Amino acid sequence: MKQIFFCLLCLYSSLSWSFELTTEEHEWLKHNQNFTFYNDDYDSRIFFVDNGVQKGLYPYLIEDINKKLNTKFSIEVKDVDVLHEQFNKLENGAYFDFANTKERRENYFFVPTLYRVSTKIFFKDSKNIKDLVSLNHKRIGLVDDWYSTTNFVNQYESSLHYIPVKYKSLNELTAALQVGDIDAFVADTQVITDKAFPTLDLPRLENLYTSFAISKNNIELYTILVKYFTDLKSIEVKDMVKKSREDYFIYLFKKNEELKGLGVTVGYGINE
């Protein structure tokens, strides 16, 4: 996983930050200094809000973009259902984490944000859970609102005879696993590091790549961001990802008493 991510870093790295903007791009920036990016507050190390302050990889990316382009871009948090309605109506703005599909590419450009996400099974009992077959007749925690849950159910419901147990958040899942109310849970590495618990891979599920979705009405923003990521140094990305992981771990540690008993490390890898 890390090797693939480092290949992406190399692809998006260059010797110095020195890209040039066209006249059209400069003109677009002049009239869009306060452009808004939209995101759902799904509470992960990619994006979370700590005491009213936006933190995580996405805010740090926007902060870096603002510094280099002398802009005042911001992230506005909205409910995921509102975002989907807004997205489908082709309302102005840029969106984080919308899947890059053929239909959506008719109206949107997509710019990868250098982060790959995997869906996994998280568990504690390594003695009795060794592979996916071991999950038959086991209680598996699921959060309905997560795309990882929908994907898992669609691909494995007919082949794994598990007992689904519904929860509303990651905190509820980890707490239930700790006290033995469930045997395992499904989540992706966007919401929890796979260093927190033993994990099983789900080979039927494709990895997801996070991205900016940008309306084709804003082609200049698309070309600007392509230049930005192409010019971004790998050390800059590593620093942002490292900071987001550390900040999120501290945030969870303060927020959830259950995590204080876990053998969780912050880690210094770029991606799981």
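1. At 32% relative accessibility, Lys242 counts as partly exposed, where buried means under 20% relative accessible area, exposed over 50%, and partly exposed in between (1.4 Å probe, protein chains only). Lys242 forms a salt bridge with Glu246, their closest N and O atoms being 3.2 Å apart; the term salt bridge stands for a side-chain nitrogen of Lys or Arg within 4 Å of a carboxyl oxygen of Asp or Glu. Because the two are four residues apart in helix H8 (residues 234–255), about one helical turn separates Glu246 from Lys242. Helices (H or I, at least four residues) and strands (E, at least two) are DSSP runs, numbered from the N terminus.

2. A word on the basis of this note. This is a predicted model, in which local features need pLDDT of at least 70 and side-chain atom pairs count only at pLDDT 80 or more, while totals for chains, interfaces and linings use all residues. Residues are numbered from 1 along each chain as its sequence is written, and side-chain values use heavy atoms, with hydrogens and water left out.

3. Helix H8 itself has 22 residues and reaches 31 Å from its first C-alpha to its last, which is close to the 32 Å expected at 1.5 Å a residue; the expected span is 1.5 Å times one less than the number of residues. Its buried residues are Val237, Met240, Val241, Ser244, Arg245, Asp247, Tyr248, Tyr251 and Leu252.

4. The structure holds eleven salt bridges. Lys89 and Glu85 meet through their side chains in a salt bridge (3.1 Å, N to O); Lys89 is exposed, with a relative accessible area of 52%, whereas Glu85 is partly exposed at 46%. Salt bridges also link Asp64, Lys68 and Glu236 in a network.

5. Arg139 and Asp183 form a salt bridge, with their closest N and O atoms 3.2 Å apart. This pair links distant parts of the chain, since Arg139 lies in strand S8 (residues 139–143) and Asp183 in the loop between helix H6 (170–179) and strand S10 (184–188), 44 residues apart. Arg139 counts as partly exposed, at 31% relative accessibility.

6. Five strands form an open sheet in the order S9-S8-S10-S7-S11, and the pairing is mixed; two strands pair if DSSP finds at least two bridges between them. The edge strands, each pairing on one side only, are strand S9 (163–167) and strand S11 (199–201). Neighbouring strands of this sheet are turned by 35° against each other on average, direction ignored. Within the sheet, strand S7 (residues 119–123) and S10 pair in the antiparallel sense over five bridges, and Ile121 stands opposite Val186 in S10.

7. Two helices pack on this sheet. Helix H5 (residues 147–156) touches S7, S8 and S10, and its direction makes about 135° with that of S8; H6 touches S7, S8, S9 and S10, and its direction makes about 150° with that of S10. Contact means heavy atoms within 4.5 Å, and axes are lines fitted to C-alpha atoms, for helices over the stretch in contact, with angles running from 0 to 180 degrees between N-to-C directions.

8. On the H3 side the meeting residues are Leu61, Asp64, Ile65, Lys68 and Leu69, and on the H7 side they are Ile224, Leu225, Tyr228 and Phe229.

9. The axes of helix H2 (residues 23–31) and H7 come within 9 Å and cross at roughly 105°, which makes H2 roughly perpendicular to H7. Here Glu24, Glu25, Trp28 and Leu29 in H2 meet Glu220, Leu221, Thr223, Ile224 and Lys227 in H7.

10. Two backbone angles deserve a remark. Most residues other than glycine have a negative phi. Phi of Asn51, however, is near 55°, a positive value; Asn51 is found in the loop between strand S2 (48–50) and strand S3 (53–55), and is exposed, with a relative accessible area of 73%. Leu90 likewise has a positive phi, near 60°; Leu90 is found in the loop between helix H4 (80–88) and strand S5 (94–96), and is partly exposed, with a relative accessible area of 37%.

Methods
Angles under 35 degrees count as roughly parallel, over 145 as roughly antiparallel, 65 to 115 as roughly perpendicular and the rest as oblique.
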